[in-house]
Amino acid sequence: MQYNLKAPDHLQATVTLPASKSISNRVSILSALAPEAAPLINLADSDDGRALQHALRSADETVDIGAAGTAMRFLTAYFAARPGRTRLLTGSARMRQRPIGLLVDALRGLGADIAYTEREGYPPLRIVGQRLRGGEVTMDSGVSSQFLSALLMVAPTMERGLQLRLTGATVSETYLRMTVGLMRRFGVVVEESDGGRTFRVAPQPIRAVPFTVEADWSAASYWYEMVALARDTTATVELLGLTPDSLQGDAAIAALFERLGVRTTFTDRGLRLDRLPGHRQPERFTCDCVLIPDMAQTLVVTCAALGLPFRFDGLQSLRIKETDRLAALQTELHRFGFVLTEHDGRTLQWDGTRCPPEATPTVATYDDHRMAMAFAPLALVRPGGVTIAHPEVVTKSYLRFWDDLRAAGFRF
């Protein structure tokens, strides 16, 4: 399946955003570890969210989480720390190519019984659940913050608790901060020292608390992109359910898109986006995305569509996402006439170099929801619209994305 998407002449929309996938997944694990139940409200209705919820409820020995990377990392630790069950944890073909060895090694050092059933260092995993003895772990934090979050969330259940010491530059640190903040809301005492490089969690109960999940700033980013690219400078989008005091690191897009001419005004219902009057585009856009790697595709495509040379650093985790996002961005933007360069697997830049574009490019999405959503707004700057292959991939995080675009006047 593919969509050819054409934009409305005037962009004006009110959008109820999906719930935050990142918060939903964390509170689901913490709630499952609590001895009692409390209501969780507005959990993310997405492929990833449903995969995690099904796994937590399932009595099956084999648990297939598909392409849900967060679920794979969190459930590896969760199943290892829950006594009495043996599980085979597996996923999609791409998931079986995503490394998990650092997390497994750390859990084994804490007493976990985990075996690889195919390739060393990669899923599927045979996990024999038991109470972990805990102890001290030193871990390279430069690969995935989800490994760290997985360890911290099960730490209160360990016999000796956990002391987690980090080495290297932390990738996606805002997600680690989100985990610690949510643990504290569930009554867990998390001690920090060494400037946030060492975490101590003693054995302790996790308190069940009612929790309402806020709207997703990652999903909001595509609407920021649309306002930035709209030819009509009176474009206005209202996004419901967002707050200025969010736990989500991706809330940083409000300030980043202000540099691209989009104004954010918070209201009692969420926020309103419109164009900054008198905005002058910078000569070059630079950003270190190490704290917000999921925003890289949105920002890269936006800058390219605006004809704005850019340099984005801190992209080392993009290699092990749903696809190799560094390669995917270069390949797909090449179809539209942009020649991007990559350096050391950490930096992506465009100096203005162009090539002949394809006459009717079709965006490949690589089973990656963010590729589809980041490229869809190109319909606003292309008279013939934009064609997206396998548009159904958006269900991983934003089930109603295409419905919301239809309601905003986009034609399919």
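A disulfide is a pair of cysteine sulfur atoms within 2.5 Å. In this predicted model, the count under that criterion comes to zero disulfides. C287 takes part in no disulfide, for the nearest cysteine sulfur, that of C289, is 4.0 Å away. C287 counts as buried, at 11% relative accessibility. In the case of C355, the closest cysteine sulfur belongs to C303 and lies 18 Å away; because a disulfide requires sulfur atoms within 2.5 Å, this separation is too far for a bond. C355 is buried as well, and its relative accessible area is 17%.

The nonpolar interior was examined next. In soluble globular proteins, nonpolar side chains tend to be buried together. The largest nonpolar core of the model comprises 76 residues, of which W223, Y224 and L239 touch the most other members. The greatest contribution to this core comes from helix α7, spanning residues 217-229, which supplies 10 residues. The surroundings of Y224 can be described individually. When neighbours within four places in sequence are set aside, Y224 is in contact with W217, L239, I253, A254, F257, V262, T264, L271 and L273.

Strands β10 and β11 together form a hairpin with four residues between them. In the turn of this hairpin, D194 has a positive phi of about 55°.

A further element is an open sheet of three strands, arranged in the order β1-β21-β20 with mixed pairing. Its edge strands are β1, residues 2-5, and β20, residues 362-363, each of which pairs on one side only. Strand β1 is joined by four bridges to strand β21, residues 386-389, and these two strands run antiparallel. Across this pairing, N4 of the chain stands opposite T387 in β21.

Key. Residues are numbered from 1 along each chain as its sequence is written. This is a predicted model: local features need pLDDT of at least 70, side-chain atom pairs count only at pLDDT 80 or more; totals for chains, interfaces and linings use all residues. Side-chain values use heavy atoms; hydrogens and water are left out. A nonpolar core is a set of buried Ala, Val, Leu, Ile, Met, Phe, Trp, Tyr and Cys residues joined through side-chain atoms within 4.5 Å. Buried means under 20% relative accessible area, exposed over 50%, partly exposed in between (1.4 Å probe, protein chains only). Contact means heavy atoms within 4.5 Å. Two strands pair if DSSP finds at least two bridges between them.
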